[in-house]
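This note is intended for a colleague meeting the structure for the first time. Please read the numbered points with the sequence and the model in view.

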Amino acid sequence: MYYPHDFHRVKGELYCERVPVARIAEAVGTPVYIYSYKTLVDHFRKLQRAFRVMHPLICFSVKANGNLAILRLLVREGAGLDIVSGGELYKALLAGCSPSKVVFASVGKGAGEIREALRARIFCFNVESETELEAIDRIARAMRTVARVALRLNPDVEARTHHYIRTGVAESKFGIDQRAARLILQRHEAFPGVRMAGIHIHVGSQITEARPFVEGIRRAAAVIEDGRRAGAPLEWLNLGGGLGIIYKDERPQTPRQFAAAVLPTLCRLQVRLILEPGRFIVGNAGILVTEVLYLKRARGRRFAVVDAGMNDLIRPALYGAYHEVIPTGSAQGASNGQLRYDVVGPICESADVLARRRRLGRIRPGQFLAVLGAGAYGSTMASNYNGRLRPAEVLVRGTRWALIRRRETRRDLIRHDVIPHSLLK
Ligand code: LLP
């Protein structure tokens, strides 16, 4: 297996590291996200090791998982953080990340967010348009400071992935096209509030091969060389995130294969390297555990109705994403174990299907199922739709485990609602 993780069976029981998953589900209730400390750290170290010769700054992408405990453990391993909003900046600083390791991307940074990030002295803004560059320049000058920026280049490379998470093609809203980037770099002195310190690319997400990265780097290299000739102090290349993982039968490149494919060009360019992995670090380090509520049949289809829905994990509904679903107890080989079920949530939407036509072994109400590969873009994309409370989260380390996010309460559902008595009289 390319990316081992620490969810495995012991005598038929699913464990996270050395704790039975069902024991946590019983103690905390369901749905619950459970993460493995060791898997998180292993993935981070693997990437670090693969690129060791370049001493890269690895900024974990907070959008993939923003839990403070997870951010803190990665920061303690030496990670920086890749943020996309003032909210994520707030979390990054609370997690103890040095501002000098924070990079800030987003096509729509507000003036307040830019000011806040400058005040915090973050490492770099990944700039997505010329108007944004002008705004950062203006704000930085007003604050009598200089903002370090990397121009986000739209590398215009096709990457084979879901079209919702394809970002590197020319017609996407992300980045600056190559011609415009070159023109900006030629005029770099026109922006005294800004230091053009690098180029940023992100070719897409869940990419399993090296080719789009290599192609993207080739295009970035041409822009860097051009910019340097024009005197721009381009020192950094940020390769973005996007490394794919195994959800079903993908055969993703390993970090070492990835490094081997891109290091020659990077070394030749003499740049310092930033990486922004999200999914690779946390994707298979987390599972979502849910309880089977009911079994039902309709027109020959069998449904397992579970207590987690698209509000808890939206990836299957939004992207048609595949997540493996397995019982936490041993259920294999039973008499009706060959039956296939659609695993559906309680939400009033036909799209609320976590998995289709899966063999689950002999299942019964009250039993737990684990949805695998749910660590990235699971809890961060959860919502209160249908008046549901966002799930609890647990971190396991060896034989110990701890709650890292309490399940929401009813009060959380109404915390920000206001009944304006003056209008409703
Ligand atoms: N850097 C930039 C500029 C990004 O836009 C992203 C992800 C990352 C880094 C991290 O990418 P990763 O290593 O995790 O692939 N919600 C979708 C994924 C959206 C990705 C958005 N950008 C999903 O659940 O698949």
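**Notes on the predicted model**

1. Asp137 has a relative accessibility of 4% and therefore counts as buried; buried means under 20% relative accessible area, exposed over 50%, and partly exposed in between, with a 1.4 Å probe and protein chains only. The model is a predicted one, in which local features need pLDDT of at least 70 and side-chain atom pairs count only at pLDDT 80 or more, while totals for chains, interfaces and linings use all residues. Residues are numbered from 1 along each chain as its sequence is written, and side-chain values use heavy atoms, with hydrogens and water left out.

2. The surroundings of Asp137 may be described next. Asp137 belongs to helix H6, residues 130–142; helices are DSSP runs of H or I with at least four residues, strands are DSSP runs of E with at least two, and both are numbered from the N terminus. When neighbours within four places in sequence are set aside, Asp137 is in contact with Ala190, Phe191, Pro192, Gly193 and Val194, where contact means heavy atoms within 4.5 Å.

3. Asp137 also forms a salt bridge with Arg141, and the closest N and O atoms are 3.1 Å apart. A salt bridge is a side-chain nitrogen of Lys or Arg within 4 Å of a carboxyl oxygen of Asp or Glu. Side chains of opposite charge can pair when their charged atoms come close. Both Asp137 and Arg141 lie in helix H6, four residues apart, which is about one turn of the helix. Arg141 counts as partly exposed because its relative accessibility is 43%, whereas Asp137, at 4%, counts as buried.

4. How many salt bridges does the rule give? The count comes to 18 salt bridges. One of the pairs is Asp226 with Arg229, whose closest N and O atoms are 3.1 Å apart. These two residues are three apart in helix H8 (residues 211–229), so about one helical turn separates Asp226 from Arg229. Arg229 is exposed, with a relative accessible area of 66%.

5. A further salt bridge joins Arg405 to Glu408, with 3.4 Å between the closest N and O atoms. Arg405 counts as partly exposed at 33% relative accessibility, while Glu408 is buried at a relative accessible area of 9%.

6. Two surface patches deserve attention. Patches are made of residues with over 30% relative accessible area and no salt bridge; like charges are joined within 9 Å, and nonpolar side chains (Val, Leu, Ile, Met, Phe, Trp, Tyr) within 5 Å. Arg72 is located in helix H3, residues 68–76, and is partly exposed at a relative accessible area of 42%.

7. The nonpolar surface patch consists of Leu68, Tyr90 and Leu94, with about 300 Å² of accessible area together. Accessible areas come from the Shrake-Rupley method with a 1.4 Å probe, and for residues only the protein chains shown count as cover. Tyr90 is part of helix H4, residues 86–94, and counts as exposed because its relative accessibility is 55%.

8. The peptide bond from Thr30 to Pro31 is cis, with omega near -5°, and Pro31 lies in the loop between helix H1 (21–28) and strand S4 (32–36). Which residues other than glycine have a positive phi? Glu17, with phi of about 50°, and Arg299, with phi near 50°, are among them. Glu17 sits in the loop between strand S2 (13–16) and strand S3 (19–20) and is buried at 9% relative accessible area. Arg299 sits in the loop between strand S13 (286–298) and strand S14 (301–306) and is exposed at 88%.

9. Finally, Ala159 lies in the loop between strand S9 (147–152) and helix H7 (178–186) and is buried, with a relative accessible area of 4%. Ala159 and Ile207 are 48 residues apart in sequence, and their C-alpha to C-alpha distance is 6.9 Å.
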